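Please look over the sequence and the model below before reading on.

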Amino acid sequence: MTSAEHSFTGRGNFTEGFGLTTEPMPLEPYRSRDFFELEQKMIFRRAWLYVCRAEELPEPSNFVVKTIHGTGVSALITRTSGGRVQAFYNSCAHRGSIVVKEESGKAAKFACPYHRWTYSNEGDLVGVPDEENFFPSLDKSKCGLKKIATSEWEGWVFINLAPEPEVTLDEYLGPAKEFLSGIRYRGADNPVVFTAVLNSNWKVASDAFVESYHIPHIHKDTIGTTFASRANPFARLIGAYPLGTHRTVSMYGNPEYTIDPKNRVEALGSMGKDDKSVIAADVSEETLEFLSHPAINPEGADHWSMDIHQIFPHLHIDTGPGGFWTHQFWPVDEKTCFYEVRFYMMEAQTIQERFLQELYIGRVGEVVLEDLANLKFTQDGIDTGGQDTMQLQDSEVAIRHALAQIIKWTQAQTVKEALA
Amino acid sequence: MTATAEMARQLPEGFEELEPFVAYWAGESTADRMAARCEADMDDIQAFYDAMIARGEDAMRLIGEHPLHDLPADVATLTRLLLALAQASIAVELHGQPRAPDVPYPNSMRMVRSTAPFG
């Protein structure tokens, strides 16, 4: 579809297409302590939660430790000697201490730094110093690291903090699994990672990354001219698809975008090429295969910039001409979240590629900082209590759908009911 | 050139005028170079930007003659200096000041990992 064939006037019909109400939506879930606690219990302790890519654990004995913010859980995620990915509570069976303090590494065994109780990377207790001074009640076979339910889908590793997950990861992903099936994620072993503690509810932050309505204004100097144009001055969405409890939206890209003459450094990075994009989209076979996937630019639009595949509750998998990147928004309390963004890129082979990457990384950092400032203003405003509802337009359909799903999960007695 | 000056040379021959910028700008990692930009005065950023962009194409060409992941020491230093230009451009071309307006500094943003080389 070309830009001329796509109308950006009148009112769109994404919201009705999702089967959602068009009424204002409540703001209380964005500021209420009670609602935060309800989310923790009904969502973060029941849903499958994305924690890392399998590439972070390339070989048996690799491990990573992830903080599951808000829940108090430190998760030790291992590639076992048998090659399986398995998560454990990072807590010693002796007196509960944290066992692994490193953020990542390679180890066949883990020794608790407190009294050297030692575990295999399958979680079995294999060593107890001065064992003979313990009592017959010590049953080593029952003193392994406590397992966290773990499941993997196309390199995405999920955990579930329920003692017995009510549904499998496949059932949980539902239509999103089929929609995204078979994407060849490029550069998945080479992420550029930023983290930040944001002074906003996790939904305020997540919402800011699924609507482009704010981009022409808030990010006018960094990415404004990429996402809007004279034909689509308010950066309206070009596509939106409900996927059960998950969803995808596609954003407009200005097909006329060229390097602003004042951006001399970007022009320098493009020296000797007619490449227009900072993301340095290449035309290798792998890139073409990636871009030909039906979930990537599902509209087949020439005025496309990126897709946001929102996996409930807190993961965005974004796909664009140059590859993919992810956002995670972990609730810390009702007005704080821990944010992590990972831009996956192929390792540069030429100085031009590396230079454009550095420019891109620098700009991304600025976008994160702009959001860091702006999201606090949003939260502070919500916290005044002056407004009880928010007015959402059609291009903000993902915000409406996400909140509707979150409310549904907090009310559903079972996960099956939440997913129905 | 005297022997002493030769020993102190950090950049490939022909880039002598950039030597004064090496100590501050040629940080080892993206995070180092970002901090350098955030903590510099605008005049210093502008001076580095002007000097580096004037030699940008020459630097790019020279670096391109070597394998990117196995650079001789002086070319590696020039590469780190060139990469710092990406940060300087954020101040000069985007903000017109060292850091984004309205954003507190220091702040909670942390660059955990960048990309090789010199990430």
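In chain A, the centres of domain 1 and domain 2, taken over C-alpha atoms, are separated by 32 Å. The contact between these two domains takes 23 residues from domain 1 of chain A and 14 residues from domain 2 of chain A. As for the bounds, domain 1 of chain A is made of two segments, 14-41 and 177-419, while domain 2 covers residues 50-164. The model is a predicted one, and the values given here should be read with that in mind.

The area buried between domain 1 of chain A and domain 2 of chain A is about 1500 Å², with 64% of that area given by carbon and sulfur atoms. Between these domains the count is 1 salt bridge, and R342(A) forms a salt bridge with E56(A) in which the closest N and O atoms are 3.5 Å apart. The polar contacts between the two domains come to 5 residue pairs, counted where both residues are at pLDDT 80 or more. On the side of domain 1 of chain A that touches domain 2 of chain A, the elements giving two or more residues are α4 (175-180), β16 (315-320), β17 (323-333) and β18 (336-344) of chain A. Of these, β17(A) gives the most, with 6 residues, and by class this side of domain 1 has 13 nonpolar, 6 polar and 4 charged residues.

We now turn to the contact between the chains. The size of an interface is often given as the accessible area lost when the parts come together. For chain A and chain B the buried area is about 3600 Å², of which carbon and sulfur atoms give 65%. In chain A, the residues that lose the most area to chain B are I351(A), R354(A) and E358(A), which together account for 18% of what that side buries. The contact takes 41 residues from chain A and 42 residues from chain B.

Between chain A and chain B the count is 2 salt bridges, and E358(A) forms a salt bridge with R33(B), with the closest N and O atoms 2.7 Å apart. Polar contacts between the chains number 17 residue pairs, both residues being at pLDDT 80 or more. In the side of chain A that touches chain B, at least two residues each are supplied by β12 (191-198), α8 (264-269) and α10 (351-383) of chain A. The largest share of that side, 17 residues, comes from α10(A), and by class the side of chain A that touches chain B has 19 nonpolar, 11 polar and 11 charged residues.

How many bridges join β12(A) to strand β1 of chain B? There are 3 bridges between β12(A) and β1(B), the latter spanning residues 110-113, and the two strands run antiparallel. The bridge partner of F194(A) in β1(B) is M111(B).

Some details of backbone geometry remain. A cis peptide bond, with omega about -5°, joins F312(A) and P313(A), and P313(A) lies in the loop between β15 (304-311) and β16 of chain A. In chain B, the peptide bond from A116(B) to P117(B) is also cis, with omega near -10°, and P117(B) is found in the segment after β1 of chain B. E154(A), a residue other than glycine, has a positive phi near 45°, and E154(A) is placed in the loop between β10 (147-153) and β11 (156-160) of chain A.

Key. Residues numbered from 1 in each chain as written. Chains lettered and ligands numbered in written order. Predicted model: local features only at pLDDT ≥ 70, side-chain atom pairs only at ≥ 80, totals over all residues. Heavy atoms only, no water. Contact = heavy atoms within 4.5 Å. Buried area = accessible area lost by both parts, 1.4 Å probe. Salt bridge = Lys/Arg side-chain N within 4 Å of Asp/Glu carboxyl O. Polar contact = N/O pair within 3.5 Å; in protein donor to acceptor, adjacent residues only side chain to side chain. Helix = DSSP H or I, 4+ residues; strand = E, 2+ residues; numbered from the N terminus. Nonpolar A, V, L, I, M, F, W, Y, C, P; charged D, E, K, R; others polar. Pairing = 2+ DSSP bridges. Domains from an automatic or database assignment.
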